[in-house]
Every structure is written in structure tokens, then in C-alpha cells.
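Keep the model open beside the text and find each residue as it is named.

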Amino acid sequence: MTTRRDVLAGSAAALGLITVSSKGVLAATAPGPQKGDHVLVCNEDSQTLSIIDPVTDTIEKTINLTSFDEDRRPPFRFVTGGVMPTHEAMMEKALYHGAIHVHGGAPSPDQRLSAVTGRGSSNIYLIDYSNLSVIGNKPNPLATDTTVSERITSGVVVGREPHEPTFSRNGKEIWVALRGEDRIAIVDVELAKQESAGAPIRAVRSYVPTIYGPAQIWFSKDGALAYVVSQKVSKVDVFKTNVGADGYSAPERVRTIDITDLDPFSFTPFQKITPDGTEMWMSHKIADHLSSRHIAGDHELLDYVSLGEKARPNHVEFAQNAKGRVVFASLGRVDDDGPGGVASSRVAIIDMDAPAGQRRVVADFHTHGRESHGLWTDPDATKLYIAHEQDELPGTPNEGQTVTSVFDITNPFKPAFIKQIPLGYLDLPSGKLRNKKSVNLIYVRPGAEMHTG
């Protein structure tokens, strides 16, 4: 009997390796990462962004979002008695104006830009992939051979505790979940570029009231609906976006869904839509479950998937290739029985080809890192990248480093470990700043349509 998975495998085998050359001739090409792709990792404790080249799986660049060493005067160089403060202590000084707690990250629909949030500094920054730079940074007028050459932009201030940014489907707006408030900031992308560069304008178009403690917004495939989850109340808000002819939204709340029975702890930090656009999957971190809902109709519950005691799910990611369709869920829990006797987190695997209502964890695997968080695949679902919050890896070559792990997922039911990528340090005149506490991670192919839901 021919199954749906057999058909999927045959289609992938027949079509997955075919592209059109510059002369319009069909030609075979190897799937997987391509030159020009990037993996961006948000490092919350160091206020840096690590850029990984997924072709070589090495660090391509570390982007500095601190204002350390812009000036030779205290607190940026030395304090009384010539004692150098730690970078952590410098961040608490009054004259520091860089990012505080870089956390959320999301790509634009064409993947030429990313928005990242500074949770503690209440702002967003825009990252340009054409030159791997922060939009709005300027030459440092105080630069010498002992200072950094750029002055960091203030980005766009949006409100208290911006947790996650999400681009609208047409790329004209960024919706920012303000976890410390009960509203969403809607930012004009073009104005944000100008405000970040210092123009005397305001890029926030409007603030939209929503549930208390919004953690993230995600849009339906057609951009007509927006889902809002919360880390402070057991509710989900659903909005019509009402995008006009000018491409800008006029949001209208149409429903608030009570999820107390699914998330009695009121802690749903992350959601993502399936690639086919039919389902929204959510992680209920303290409840140790995932759930999925229909996008259309009354948004009814489809699945409620147990991940085990104290699994602490963070993010979900979808993978579909010749071997099947799965949902990956990163687990924050750290288990002692990791590879080589080194404690490690796990990623759970849910079979998406099971009927709705019967989806369950069918396998899991160790991540080779601690407290796994963000995860994303390449467009062909050949590799999976996993970020980690902790950096204690005693007895390993990367001891003391925060690592991003890479897995071969050509069989998504049996991921094969490729390597750990140690994120290393940002070299500053005042010393090495270790890249640490990786939270969000995204994979981009600039100029291509975003491959994830």
C-alpha cells in the first residue's frame, strides 16, 4: 500500500534536487546550506549577535550591540585606581547606552533584514544581511587606536520588556510583543531604518491593546490573522490585521481564547505556524506540553502533546523532507545522561504524519549543549541548528563556551550530530567579551522567501 509518506518521499526525490540555471536549463543541485546563508544567534548576557556560516559551520562574525569602549573615559575604560570593571559591571553604568539583554529575533519575509530586541533597553535593532551590520550605527567621533570604531545606534524604543518581534507578511511592519505591558507596538519598517539612523521621527505607528504579558505574535500564512500568546495570563488573543491598500494594518481583536486547561501556569512563550499554514503550534513551558490549533474557523484545539515531567519546552520548528514530517521541540531541562557522560538537554520529535489528535513524541535526542532554546532548519531541512543558554560543559573541548549544535536531519526521525560550534569571544580594547546565553536562533537565506511557517 502506498502511504502519504511514500508519496512525499517520491516527490522530494523527484523534485528536491532540481533548480533552473541562469540559462533556463533544468539542472541538479545539492540541497542544504548555500553560500550567502546565515545563522543568527542572539546572546542575551553578552549583548552580541553571533553569525554562523552554515556551509562551513564556523563563526562568520560577532556583531557588537554594546557601547563598551566607545570612549576612553570612565566607565568605558578605567575607574579610580586604574581598576578595569568587568563588562557586566560596565553595563550597569550610567553612561552605557548599548543593548541590554538581547533576546528575540526574527527575519523579514525576504530575509534581507532581521529585527532583534533588547529586553532591558526596551528597544529593537535592525540587522542588514547585505553587510552583516546594525542599521543606524555611525563612525565613532572619539575613535582612537584604543577605542571601537563605531557608535551604536539606539535603535527604536518600543516599550517595556519587548520579548519577540515579528514582521508582517508583506514586510512593511514589525509587531513587537511588549511582555512588561498589555499592548503590542506596531513599527513601520522604513521609518525604523530612518529613526535608527538618527532621524527625528517616530517609527512606532501605533500601540494595540491586548492580553497582559504578551510574549509573541505570529501571523497566518495570508497575513489576515495575528495570534498573540502570553507569559502572564492563560489566554490567546486573535486579531484581524485588516491590511489596507497601502500595506499597513488596522488591527481588530476578534477573539480571546481561554487556555487555562492547557496552560494553568500562564506561561506560553512561543508559537509558530506549520509550513502549510493550517495549524498554529504553541509551547506551554511550565505545563510541559505543546498544543496545536486550527488557523481557520473557530481555531479549535487539535493536539495537546505531553513532553514529560519538567521538560520545559522553549521553541518549536518544523522539518519536512523525503523521510517525513516532524515537529522539533527544544527542551530547557538538562539531563545527566548526555553523550560521553556530559549533562545535556534534549529535543523532542513529534510525528506530523500521525492524525490530528493522535500526535505524540516518537523520539528525542541529546543536543550536546545545556538548556536548549532557539532552533531553526535550513530551507531544504537537511540541517538543524540549536542554541543553548548555558555554557558549562566540563570535561569537553568547549568547556566554558556557549555552543550552537548542528545536526544532520536528512532523516528527521533520526538526527545525527555533526558538531558543536563554540561561539567564542568579541575582542574589545577592554578585553575579551565572551558570547553567552544564546536564546533565539534563526536561519536566513537573503533574497529568498522565508521557508518556515
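T377 stands opposite L384, a residue of β30. This is a predicted model.

- T377 belongs to β29, which spans residues 372-377.
- Strand β30 covers residues 383-388 and runs antiparallel to β29, with four bridges joining the two.
- Four strands make up this open sheet, and their order is β29-β30-β31-β32.
- The pairing in the sheet is antiparallel.
- Which strands stand at the edges? They are β29 and β32 (416-422).
- Each edge strand has a single partner, so one side of each is left without a neighbour in the sheet.
- On average, neighbouring strands here are turned by 20° against each other, direction ignored.

**β14 and its two partners**

- Strand β14 runs from residue 173 to residue 178 and is mostly covered.
- How many of its six residues are buried? The count is six.
- In a regular strand, side chains alternate between the two faces of the sheet.
- Both faces of β14 are covered. E173, W175 and A177 are buried on one side, and I174, V176 and L178 are buried on the other.
- β13 pairs with β14 in the antiparallel sense, over five bridges.
- Within this pair, F167 stands opposite I174 of β14.
- β13 and β14 form a hairpin with five residues between them. In its turn, G171 has a positive phi of about 80°.
- β14 also runs antiparallel to β15 (residues 183-188), and six bridges join them.
- Here V176 stands opposite A185 of β15.
- A hairpin of four residues links β14 to β15.

**The cavity**

- How many cavities of 30 Å³ or more are there? The count comes to one.
- The largest cavity holds about 50 Å³ of space.
- Its lining includes G105, A106, P107, E164, P165 and T166. Q216, W218, F270, W376, N440 and I442 also line the largest cavity.
- Four strands each supply at least two residues of this lining: β6 (102-107), β13 (162-167), β17 (214-219) and β35 (438-444).

**H284, in a strand**

- H284 sits in strand β22, which covers residues 279-284.
- Is H284 buried or exposed? H284 is buried, because its relative accessible area is 0%, and buried means under 20%.
- The side chains of H284 and T268 are joined by a polar contact of 2.8 Å.
- Leaving aside neighbours within four places in sequence, H284 is in contact with several residues, among them I259, L262, D263, F267 and T268.
- Its contacts also include H289, L290, S291, Y304 and P313.

**G357, in a loop**

- Where does G357 lie? G357 is in the loop between β27 (346-351) and β28 (361-366).
- G357 is partly exposed, because its relative accessible area is 37%, which falls between the 20% limit for buried and the 50% limit for exposed.
- Not counting residues up to four places away in sequence, G357 touches L302 and D303.
- G357 and S46 are 311 residues apart along the chain. Their C-alpha atoms are separated by 42 Å.

Technical notes: Residues are numbered from 1 along each chain as its sequence is written. This is a predicted model: local features need pLDDT of at least 70, side-chain atom pairs count only at pLDDT 80 or more; totals for chains, interfaces and linings use all residues. Side-chain values use heavy atoms; hydrogens and water are left out. Buried means under 20% relative accessible area, exposed over 50%, partly exposed in between (1.4 Å probe, protein chains only). A polar contact is a pair of N or O atoms within 3.5 Å; within protein, one must be able to donate a hydrogen and the other to accept it, and residues adjacent in sequence count only if both atoms are side-chain atoms. Contact means heavy atoms within 4.5 Å. Two strands pair if DSSP finds at least two bridges between them. Axes are lines fitted to C-alpha atoms, for helices over the stretch in contact, and angles run from 0 to 180 degrees between N-to-C directions. On a 1 Å grid over the protein atoms alone, a cavity is a set of points where a 1.4 Å probe fits but cannot get out, and a pocket is an open set with protein on both sides within 12 Å along at least five of seven lines; lining residues have an atom within 4 Å of a point. Grid points are joined across faces, edges and corners, and a volume is the space filled by probe spheres set on the points.
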